[in-house]
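Here are my notes on the model, point by point. Please read them alongside the coordinates.

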Amino acid sequence: MKPIQKILIANRGEIAVRVIRTAKKMGIKTVAVYSDPDSQSLFVLSADEAYPLGGTDARSSYLNVEKVIEACLATGADAVHPGYGFLSENTDFAKKLEQNGIRFIGPKSHSIEAMGDKIGSRILVAKSGVPVVPGYEGHSQEMSVFKNEADKIGYPVMAKASAGGGGKGMRRINSPEELESGILSAKREAMSAFGDDRILLEKYIVNPRHVEFQIFGDTQGNIIHLHERDCSLQRRHQKVVEETPAPNFPSSLKSKMAEAAVLAGKAVQYEGAGTVEFILGESGEFYFLEMNTRLQVEHPVTEMTTGLDLVEWQIRVCQGEPLPILQTPPQKGHAVEVRIYAEDPKEGFLPSIGKIHHLSFPTREDLRIDSGVVTGSEITMYYDPMIAKLIVWGEDRETAIQRLIECLSETIVFGPKTNLQFLQKLVSTKEFFQGKVSTHYIADHEVELLKENTKEELKFALAGLFFSSKQNVDPWIT
Amino acid sequence: MDFLFETKSKPTSVHVSGNRIRVRLENQTYTIDTDSLIEGLKPKDQNLVTVQMKDGSLLKFLKIRNEIFFHWKGESWNVKLAERSYEVAGQTSPEIKSPMPGKVVQISTSVGSEHGLGETLLILEAMKMENAIKAPYPCSVEEIRKQQGELVQQDEVLLILHRIEVEKT
């Protein structure tokens with residue numbers, strides 16, 4: 001197969017910057033596509049070429065299949081990297097690229113199709129012997145059917161969008177009284193996020209951990225796993241902290257889950273980077289949740305502990321090359337990732353938009369920053385308000401966490417409100433240090449996690465002092 | 001020198017005189033001696049003014065128009081200089097404004113309904129996530145300005161509330 005010459009990145013922000021970095025290293029040209037609000041963004045300036053898609057919101061730009069294909073043809077790109085989100089799991093897009101002779105850096109469309117549907121994927125992997133959560137995935141969407149099925153499964157149950165992802169369209173339903181409103185709310189969110197309001201029900205696992213396995217397949221039929229990631233710390237089903245290796249994770253359990261992950265990949269003849277997500281119960285029982293047929297936000301922790309470049313592997317597999325290694329490589333040390341968002345924890349974590357007046361991170365060897373913004377960038381209402389991912393490595397878990405706390409306290413974002421202080425509190429808790437957290441931890445401890453450190457009066461005193469100093473009254477010098 | 005800063009509820013006044021700062025917050029007054037707090041200025045770091053504090057920590061700040069952003073001991077915050085007239089403004093607004101641009105997906109109340117603190121009044125969808133707008137105090141609903149499905153901008157008034165005073169026994 002001919003080597004890829006020019007990659008168009010059908011995405012924006014930090015992941016676009018990330019893909020450009022690897023493509024440059026491999027001597028491959030890059031094309032950025034952008035919407036109107038993103039015309040001056042870092043990823044647009046970093047690429048070799050940039051092509052305007054027009055439009056402001058995602059639907060009229062990054063999600064518009066015709067416009068993206070038109071950009072590929074106009075710029076002569078012979079491959080597309082979709083990043084994550086947007087068109088990364090859109091089979092229609094993958095097929096259209098194929099029809100135009102453009103390679104999709106990702107799995108074959110049949111794998112995306114098989115795993116993109118939560119209902120279909122559950123049935124498929126269960127057939128190959130992978131355990132799945134007890135639930136209802138039938139075709140009927142009648143409220144009376146949901147009621148019967150929920151009674152059979154036993155409360156609490158989880159309503160989930162069939163086409164879901166990123167925690168959208170999910171509702172915990174505790175009792176028969178909550179069923180109808182919970183399902184209607186999940187359906188509304190699902191329709192708005194995915195244009196598909198089908199819902200499935202699953203047994204709600206109490207105090208679960210979320211452990212996932214990075215897998216990789218090539219066109220020769222090889223599939224290996226690249227260890228696990230623990231993504232238990234979540235807020236409203238959105239991951240907040242991710243790490244590898246998973247803490248307090250017996251090696252016997254790890255090998256069982258890894259085997260199941262590879263089986264799930266084989267069930268769809270998987271090619272490229274994928275992630276098999278599991279829910280892990282308190283007594284070691286685990287169930288298949290879903291498989292993400294793309295690179296994931298948290299892939300850097302795997303890269304930090306294996307020394308691999310997963311985007312490079314994706315590109316090589318897409319070119320028809322075999323996996324560079326056919327056995328799981330050893331892991332070195334421990335890596336933790338946190339996602340810094342422009343959001344206001346005190347206002348229910350509502351996105352906080354506006355200009356970033358100042359952005360700076362500490363510089364050190366054991367720290368990796370994946371960011372799509374710089375000082376002067378705008379956080380707009382149109383897209384995900386992520387500022388950066390901060391990934392820290394340590395020889396062991398304690399060292400990595402200690403370094404992460406230091407790095408967070410030295411990170412400065414002036415402008416929009418951020419979750420920085422919330423993250424510092426979270427990774428400083430005794431429970432996190434001991435690796436004793438479940439996916440409910442944040443919700444259960446939100447009040448303590450949102451407490452302020454500095455006394456309010458001291459903040460105002462400092463403000464008064466510095467305002468007066470700006471008017472040539474310099475009280476601490478003179 | 002006197003300053004007035006914006007806060008969520010009431011403005012806070014700060015008086016600076018020599019090395020003493022007096023802060024009036026709510027009904028209490030705090031006095032801080034700057035000599036015990038600040039060591040001196042350090043060279044600028046990436047455009048941020050850097051102050052060496054007595055306890056060894058560094059305080060960094062940036063001033064943009066009437067707003068100052070601070071970073072100290074791992075924490076960031078900002079303050080805005082307020083207009084003097086804010087001092088006499090009402091304590092709790094009856095207007096519930098949209099905290100950000102979005103779409104009203106559900107109205108969970110009706111005109112005349114009474115609600116306790118924290119009860120959901122309306123659900124606003126922003127960034128494809130649903131956000132509950134809750135009662136900030138015990139109230140009855142006087143007016144609903146928006147309809148289900150309507151798009152709203154930041155700070156647009158969604159509801160007008162009437163505060164229910166708790167009866168003193």
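1. Tyr62(A), Phe86(A), Tyr382(A) and Tyr383(A) make up one aromatic cluster in this predicted model. Rings of Phe, Tyr and Trp (its six-membered ring) are paired if their centres lie within 6.5 Å; planes under 30 degrees apart are stacked, over 60 edge-to-face, and the rest tilted. By this rule there are 15 aromatic pairs over all chains. The Tyr62(A) and Phe86(A) rings are stacked, because their centres are 5.2 Å apart and their planes are at 15°. Tyr62(A) belongs to the loop between strand 3 and helix 3 (65–75) of chain A and Phe86(A) to the loop between strand 4 and helix 4 (91–99) of chain A, so the pair ties together parts 24 residues apart in sequence. Helices (H or I, at least four residues) and strands (E, at least two) are DSSP runs, numbered from the N terminus.

2. Burial is given as relative accessible area: buried is under 20%, exposed over 50%, partly exposed in between (1.4 Å probe, protein chains only). Tyr62(A) is buried at 0%, whereas Phe86(A) is partly exposed at 27%.

3. Phe349(A) and Phe422(A) form an edge-to-face pair, with ring centres 4.9 Å apart and planes at 75°. Phe349(A) is in the loop between strand 18 (343–344) and strand 19 (350–351) of chain A and Phe422(A) in helix 13 (residues 420–427) of chain A, so the pair ties together parts 73 residues apart in sequence. Phe349(A) is buried at 6%, and Phe422(A) is buried at 4%.

4. Glu14(A) is part of helix 1 (residues 13–25) of chain A and is buried, with a relative accessible area of 9%. Leaving aside neighbours within four places in sequence, the contacts of Glu14(A) (heavy atoms within 4.5 Å) include Tyr84(A), Asp370(A) and Lys389(A).

5. In chain A, five strands form an open sheet with parallel pairing, in the order 3-2-1-4-5. Its edge strands, strand 3 (49–52) and strand 5 (103–104) of chain A, each pair on one side only. Two strands pair if DSSP finds at least two bridges between them. Strand 4 (residues 79–81) of chain A is joined to strand 5 of chain A by two bridges; Val80(A) has Phe104(A) as its bridge partner.

6. On conventions: residues are numbered from 1 along each chain as its sequence is written, and chains are lettered from A and ligands numbered from 1 in the order in which they are written. Local features need pLDDT of at least 70, side-chain atom pairs count only at pLDDT 80 or more, and totals for chains, interfaces and linings use all residues, while side-chain values use heavy atoms, with hydrogens and water left out.
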